[in-house]
Amino acid sequence: MPFTSMPLQLFQSIDWSNLLLQIAIFFAIAWIIRWLANTLSKLFVSIYQLSPRRRQITHERRNTLRGLFASIIRFTAVAAAVIASVSLFIKAETLIWVIGLFSAAFGFGARPIISDIMAGLAFMSEDNFAVGDKVEVFSNMGLGGIQGVIESVHLRTTFVRSTTGELYLIPNSEM
């Protein structure tokens, strides 16, 4: 048997219909979780409110936490579906190494994105600002100072409506 026909036989022996069905199931579950993200985030925020605290959570803080939790749930669902799909083709040990190396490379290459996400996680644990607060943001994006009201806060970005009506999408690391 020639060496060149070996990969062809390998692909012929794979049950593609079963693999495609499993991948479809992974992404269907991820889509359902993404669809339920707002409901799940409301549940998480209601559990968060049960913690013993000196003060009650405001409506604006509740909306801020809901947006952040929903973003985390959506990202985790899609990432889990991608990893589960890839694991059908790659051994677990190899997949762990690939994910580790990819994470290191991604960390170096996507430092601004990771900085935004880490700032979003910090906003979740701290009460710096909430939806409905008036803010003034001095941006490095060449926009100068932006005064306005926070409309929504997500894991990576914050939407600020200026006093003149423009809606600005500001990375959380700029806030």
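How do H4 and H6 lie to each other? Keep in mind as you look that this is a predicted model. Select residues 59–86 for helix H4 and residues 111–125 for helix H6. Their axes sit 10 Å apart, and the packing angle is about 140°. Antiparallel would need an angle over 145 degrees, so H4 and H6 come out as oblique to each other. Look at the handedness too: H4 passes H6 in a left-handed crossing.

Now show side chains where these two helices touch. On the H4 side, pick Arg61, Leu65, Leu68, Phe69 and Ile72. On the H6 side, pick Gly120, Leu121, Phe123, Met124 and Ser125.

Which kind of ring pair do Phe44 and Phe69 make, stacked or edge-to-face? The ring centres are 5.8 Å apart with the planes at 65°, and planes over 60 degrees apart count as edge-to-face, so this pair is edge-to-face. Phe69 is buried, at 17% relative accessible area, while Phe44, at 37%, is partly exposed.

Stay on H4 for one more stop. Select Ser71, which lies in this helix. Is Ser71 buried or exposed? Its relative accessibility is 16%, so Ser71 counts as buried. Show what surrounds the residue: leaving aside residues up to four places away in sequence, Ser71 touches His154 and Leu155.

Last stop: the other ring pair. The aromatic count comes to two pairs. For this one, select Trp31 and Trp35; their ring centres are 6.5 Å apart and the planes meet at 10°, so the pair is stacked. Both residues sit in helix H2 (residues 16–35), four residues apart, which means about one helical turn separates Trp31 from Trp35. Bring the surface back and check each ring's residue in turn. Trp31 is exposed, with a relative accessible area of 56%, and Trp35 is exposed as well, at 62%.

Key: Residues numbered from 1 in each chain as written. Predicted model: local features only at pLDDT ≥ 70, side-chain atom pairs only at ≥ 80, totals over all residues. Heavy atoms only, no water. Axes fitted to C-alpha atoms, helices over the stretch in contact; angles between N-to-C directions. Parallel < 35°, antiparallel > 145°, perpendicular 65-115°, else oblique. Left-handed = near helix turned anticlockwise from the far one by under 90°. Contact = heavy atoms within 4.5 Å. Phe/Tyr/Trp six-rings, centres within 6.5 Å; stacked < 30°, edge-to-face > 60°. Buried < 20%, exposed > 50% of the residue type's maximum accessible area, 1.4 Å probe, protein only.
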